[in-house]
Amino acid sequence: MSLGKPLKKLASCVILDLDGTLLNTDALVSEILKGFLVKYGKQWDGREVHKIAGTTPFQAAAAVVEDYELPCTPSQFLSEINPFFSDKWSNIKALPGANRLIKHFSCHGVPLALASNSTRSSIESKISSHQGWKESFSVIIGGDEVASGKPSPEIFLEAAKRLNVDPSSCLVIEDSIPGVTAGKAAGMEVVAVPSIPKQSHLYTLADGVINSLLDLQPENWGLPPFQDWIEGTLPIEPWYIGGPVIKGYGRGSKVLGIPTANLSTEGYSALLSEHPSGVYFGWAGLSTRGVFKMVMSIGWNPYFDNTEKTIEPWLLHDFAEDFYGEELHLVVIGYIRPEANFPSLEGLIAKIHEDRRVAETALDLPPYSAYREDPYLKISVKKDRHL
């Protein structure tokens, strides 16, 4: 699954970033800024996301104040907006794969450090509701505990010092370019998990670039491998989505011969930000037709260069006609691979059919087959439900 370079060094410990790497803070930041800037007659459009990712709170505030020409200093901006964040820090969701990763390394005795540009107090708040996280880290260090935050290497060097290890034996996992820059400047191996869509090509300094934490292969750095993959699939915490099938069913047929039963993304911005792009599978319930096996892509379909992240389930059954408007409920229970681009249409088609074969086989296995009886598939529900 890793898209990184060949193994260069063996790592004996792991240093993790927090915001955007383990926690879905980007969605919260956008939500709060969108509401807060109304006060100044401004509309948050997300154009600062590239500038503030991985920066210190003060640097992020300065970028917003400058770009939106706000009548306040960065310090004043922070003092005004911090209470809005403080109320929400303890409710931020973990990104997919975060709990799995922390538990895996902790169970195998791999020393873990948490190094974030956030203040120590906000780090404590953010991880407080995530069971077992605080106890799993031998070292926790915030940006206010060092003279310079990322992209300075100081925070990572301090983490290595507190772990009592040589920096060269550390593997850093980061989502931002400042974080990657800091890790490499500290002499460490770095895996990038870009939190901003379609930006992987910018992470040239990283020793490996992966789509999400679900795709990490620790063995590439001499660390204990995950043992939870089943026949090329990864069981995940189930999540649920539903709605009427919209126009677009059949679009795939015309180009790919693969009819997808598309769902509208309206109202699903939070869900789409929570789940990384990739290929998933599970069970699909149609309100008048029954329950069927399903394989699904979430993402931008790089071959077609979509401008919006889409949800495209393929129900693994031959239907005689389209069923626009019919209620479709999905229980997503497994992950196959990250989204990828292909040099040819033939290569894309072949990979999609391989995904189908993987999903069809996996769904007959006990960990997955039981979900066919999930009540969500058989009850008409107007709103989505996801965990």
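This is a predicted model: local features need pLDDT of at least 70, side-chain atom pairs count only at pLDDT 80 or more; totals for chains, interfaces and linings use all residues.
**N164.** I find N164 in the loop between helix 8 and strand 4 (170-174). N164 is not a glycine, yet its phi is positive, about 65°. For context, I note that most residues other than glycine have a negative phi.

**E69.** I then turned to E69, another non-glycine residue with a positive phi, near 50°. E69 sits in the loop between helix 3 and helix 4 (74-86). With 65% relative accessibility, E69 counts as exposed, because the cut-off is over 50%.

**Helix 3.** Which residues are buried in helix 3 (residues 57-67)? I list A60, A61, A63, V64 and V65. Just after this helix comes E69 with its positive phi.

**K150 and P151.** I checked the peptide bond between K150 and P151 and found it cis, with omega about 20°. P151 belongs to the loop between strand 3 (139-142) and helix 8 (154-163).

**Aromatic rings.** I count 11 aromatic pairs. One of them is Y240 with Y376: the ring centres are 5.2 Å apart and the planes stand at 85°, so I call the pair edge-to-face. This pair links distant parts of the chain, 136 residues apart. Y240 is in strand 7 (residues 234-244), and Y376 is in the segment after helix 13 (366-369). Are these two tyrosines, Y240 and Y376, buried or exposed? I find Y240 buried, and Y376 also.

I also traced a cluster of F36, Y40, F77 and F84, linked by ring pairs.

**R100 and F226.** Last, I looked at R100. Its charged end sits over the ring of F226, 3.6 Å from the ring centre.

Conventions: Residues are numbered from 1 along each chain as its sequence is written. Side-chain values use heavy atoms; hydrogens and water are left out. Rings of Phe, Tyr and Trp (its six-membered ring) pair if their centres lie within 6.5 Å; planes under 30 degrees apart count as stacked, over 60 as edge-to-face and the rest as tilted. Helices (H or I, at least four residues) and strands (E, at least two) are DSSP runs, numbered from the N terminus. Buried means under 20% relative accessible area, exposed over 50%, partly exposed in between (1.4 Å probe, protein chains only). A charge sits over a ring if NZ of Lys or CZ of Arg is within 6 Å of the ring centre and within 35 degrees of the ring normal.
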